[in-house]
Amino acid sequence: MPKLDRSDFKYNAKVFEKTCLWCGTLFFASRSTAKYCCGTCRGYANQAKHSEEAVPYDETEKMISALLSENAYLKGQLQRYILENEELKKNLNRQRSE
Ligand SMILES: [Zn+2]
C-alpha cells in the first residue's frame with residue numbers, strides 16, 4: 001500500500017513527497033529516488049517497459065484506485081478535524097459553564 005500520510009513514518013524520518021509515475025497518486029517515500037507508490041504500479045510499469053505486447057493497464061481501473069486511495073486519505077483527514085472540532089466545542093462549553 002502506498003504511504004499517503006506523513007504519520008506513517010517516524011516523526012524525525014527523512015521523507016520525500018513523490019508522485020507515482022504510473023497512477024499519479026501523491027505519496028511519501030523514504031528514498032528520493034522512489035518512483036512508484038506501490039509494488040503494483042512498479043509491476044505494471046516494468047511490464048510496459050519490458051514488453052511491447054504488455055496488456056495495457058486499464059486507465060479507468062487505474063483512476064478508480066487512485067481516487068479510492070485519495071478518498072480514504074481525505075476521510076481520515078476529515079475524521080481528524082471532526083474530532084478536533086468536538087474537542088473545541090467541549091472546551092467552549094466548559095468555559096461557558098464556569
Ligand atoms: Zn501508483
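Student: What share of the 98 residues in the protein is buried?

Tutor: Buried residues make up 20% of the 98 residues, where buried means under 20% relative accessible area, exposed over 50% and partly exposed in between, with a 1.4 Å probe and protein chains only. This is a predicted model, in which local features need pLDDT of at least 70 and side-chain atom pairs count only at pLDDT 80 or more, while totals for chains, interfaces and linings use all residues. Residues are numbered from 1 along each chain as its sequence is written, and side-chain values use heavy atoms, with hydrogens and water left out.

Student: Which pattern does the protein follow along the sequence?

Tutor: Helices (H or I, at least four residues) and strands (E, at least two) are DSSP runs, numbered from the N terminus. Here there are two helices and two strands, and along the sequence they follow the pattern β-β-α-α. The radius of gyration, taken over C-alpha atoms, is 19 Å, well over the 13 Å that the globule rule gives for 98 residues, so the protein is more spread out than a compact globule; that rule is 2.2 Å times the number of residues to the power 0.38. Along the principal axes, the C-alpha atoms fill a box of roughly 75 × 30 × 15 Å.

Student: Which residues coordinate the zinc ion?

Tutor: Look for donors, meaning N, O and S atoms within 2.8 Å of the metal (3.2 Å for Na, K and Ca). In this model the SG atoms of Cys20, Cys23, Cys37 and Cys41 coordinate the zinc ion at 2.3 to 2.4 Å. The site is tetrahedral, with angles of 104 to 117° among its four donor atoms; four donors count as tetrahedral if all angles lie between 85 and 135 degrees. The donor residues are spaced C-x2-C-x13-C-x3-C in sequence. Cysteine 23, in the loop between strand S1 (16–19) and strand S2 (26–29), and cysteine 41, in helix H1 (residues 39–50), link distant parts of the chain, 18 residues apart. Cysteine 23 is buried, with a relative accessible area of 13%, and cysteine 41 is buried too, at 6%.

Student: In which sense do S1 and S2 pair?

Tutor: Two strands pair if DSSP finds at least two bridges between them. S1 and S2 have four bridges and pair in the antiparallel sense; lysine 18, for instance, has phenylalanine 27 in S2 as its bridge partner. The two strands form a hairpin with six residues between them, and glycine 24 in the turn has a positive phi of about 80°.

Student: What are the helix and strand contents of residues 71–98?

Tutor: The span is 96% helix and 0% strand, and its end C-alpha atoms lie 41 Å apart. An unreviewed UniProt entry annotates residues 71–98 as "coiled-coil region".

Note on methods: Four donors count as tetrahedral if all angles lie between 85 and 135 degrees; four count as square planar and six as octahedral if opposite donors are over 155 degrees apart and all others between 65 and 115; anything else is irregular. UniProt positions are given in the numbering used here, feature names are shortened, and annotations may be inferred rather than shown by experiment.
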